[in-house]
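Please look over the sequence and the model below before reading on.

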Amino acid sequence: MNPARFDDALTDVSKVFAHPTEIVSAEDLSQQQKVKLLRQWEFDLRENLVASEENMTTTAPEGQSAELLRGVRKALIGLGADHKDETAAPTKTGGA
C-alpha cells in the first residue's frame, strides 16, 4: 500500500476496509501496518460505542460496531498482536 493511502486509511479505517479480514489478507501491507490499522480501528469502534451509550451520534449502529470490534480483536489475536497489559485498569475505550 502506498504511504499516502496508508495514511488515509489510518485516518478512517472503515472508509478503506469493510471488514478486519480485508486488512489481514492485504498483501500490500506489512505486519506492522496491519496491526497499526487494526489497533486504530479498535480505538475508533470503542469510541463509537461510548458515544452511543451517551446518546451521541455515531457513524454506525451499535450492533454493527460491536460486531466489527469482535472481528478486529479476532484479527489482532490471529496476527499475534494481542498483548494486553494485565495491570492496566480497563476502561470503555480499552485503555488505562
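Predicted model: local features only at pLDDT ≥ 70, side-chain atom pairs only at ≥ 80, totals over all residues.

The protein chain contains five helices and zero strands, so in order from the N terminus its elements read α-α-α-α-α by the DSSP assignment. Of the 96 residues in the protein chain, 35% are buried. The accessible surface amounts to about 6,200 Å², and carbon and sulfur atoms account for 51% of that area. Among contacts between residues at least 6 apart in sequence, 55% link residues at least 24 apart.

The interior comes next. In soluble globular proteins, nonpolar side chains tend to be buried together. Here the largest nonpolar core has 22 residues, and those touching the most other members are Phe17, Ile23, Leu29, Leu37, Leu38 and Trp41. Two or more residues of this core come from each of helix H1 (3–11), helix H4 (31–53) and H5. H4 supplies the largest share, six residues. Which residues does Leu37 touch, leaving aside those up to four places away in sequence? They are Phe6, Ala9, Leu10, Val13, Phe17, Ile23 and Leu29.

The last stop is an arginine. Arg73 lies in helix H5, which spans residues 62–78. Is this residue buried or exposed, at 15% relative accessibility? Arg73 counts as buried because its 15% relative accessibility falls under the 20% cut-off. The side chain of Arg73 also forms a polar contact, at 3.1 Å, with the side chain of Glu42.

Note on methods:
Residues numbered from 1 in each chain as written. Heavy atoms only, no water. Helix = DSSP H or I, 4+ residues; strand = E, 2+ residues; numbered from the N terminus. Buried < 20%, exposed > 50% of the residue type's maximum accessible area, 1.4 Å probe, protein only. Polar contact = N/O pair within 3.5 Å; in protein donor to acceptor, adjacent residues only side chain to side chain. Core = buried A, V, L, I, M, F, W, Y, C linked by side-chain atoms within 4.5 Å. Contact = heavy atoms within 4.5 Å. Areas by Shrake-Rupley, 256 points an atom, 1.4 Å probe, with all protein chains shown as cover.
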